[in-house]
Structure formats: structure tokens, C-alpha cells
Amino acid sequence: MANAKRHLGSRLPEDAVELAGMRAADLKIPVGDYVAGLIRADAEGLRRRAMSSAERFLADHQELFDEAEDSGTSTGKGIRAA
């Protein structure tokens with residue numbers, strides 16, 4: 001089902017349409033495939049940045065998480081700090 005395609009109607013500035021058409025032609029792919037690739041790349045970039053931020057947060061606060069685990073205040077009901 002990954003190859004299923006749907007029509008998306010949108011209004012874009014004429015210069016963006018022309019640039020997309022020229023770039024798609026350079027790559028020898030349909031404009032829709034080019035635009036879909038841009039969307040995927042953007043979404044993956046957002047995911048990568050979010051994961052990186054989460055990793056930094058956990059690393060920056062690991063000592064606090066460790067203290068919370070070691071304090072014995074947990075109920076032991078399956079919730080653990082990082």
C-alpha cells in the first residue's frame with residue numbers, strides 16, 4: 001500500500017511550481033515524486049531533531065533520574081526513570 005497515490009490539490013507560487021518542475025526534470029522523476037521526497041526528508045529531519053533533543057534531555061538529567069530510582073520512593077509498579 002506504500003505505493004498508493006492520492007491527489008492533493010494545493011496552490012503554490014508560480015516560481016515554486018517552475019522550480020519544482022525543473023528540479024524534477026533534472027532528476028528524471030515526476031513532480032509529485034519530487035514533492036513527496038521533499039516532504040519525507042522534512043519529516044525525517046524533524047524526527048531526527050526531536051530524537052536528538054530527547055537524547056540530550058535524558059543525558060543532561062540522567063543524574064536526577066538515577067537519584068529518583070535509587071531513592072526507593074517508587075511504588076515498584078513498572079514505572080522507571082530513564
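The model is predicted, so local features need pLDDT of at least 70 and side-chain atom pairs count only at pLDDT 80 or more, while totals for chains, interfaces and linings use all residues. Residues are numbered from 1 along each chain as its sequence is written, and side-chain values use heavy atoms, with hydrogens and water left out.

**Salt bridge**
- One salt bridge is counted, the term meaning a side-chain nitrogen of Lys or Arg within 4 Å of a carboxyl oxygen of Asp or Glu.
- Aspartate 33 pairs with lysine 5 in this salt bridge, and their closest N and O atoms are 3.0 Å apart.
- The two residues stand 28 residues apart and link distant parts of the chain, with aspartate 33 in helix H2 and lysine 5 in the segment before H1; helices are DSSP runs (H or I, at least four residues), numbered from the N terminus.
- Lysine 5 is exposed because its relative accessibility is 67%, whereas aspartate 33, at 33%, is partly exposed (exposed means over 50% relative accessible area, buried under 20%, and partly exposed in between, with a 1.4 Å probe and protein chains only).

**Surface patch**
- Val31, Val35 and Ile39 make a nonpolar surface patch of about 230 Å², where patch residues have over 30% relative accessible area and no salt bridge, and nonpolar side chains are joined within 5 Å.
- Isoleucine 39 lies in helix H2 (residues 31-60), and its 51% relative accessibility is why isoleucine 39 counts as exposed.

Methods: Patches are made of residues with over 30% relative accessible area and no salt bridge: like charges are joined within 9 Å, nonpolar side chains (Val, Leu, Ile, Met, Phe, Trp, Tyr) within 5 Å. Accessible areas come from the Shrake-Rupley method with a 1.4 Å probe; for residues, only the protein chains shown count as cover.
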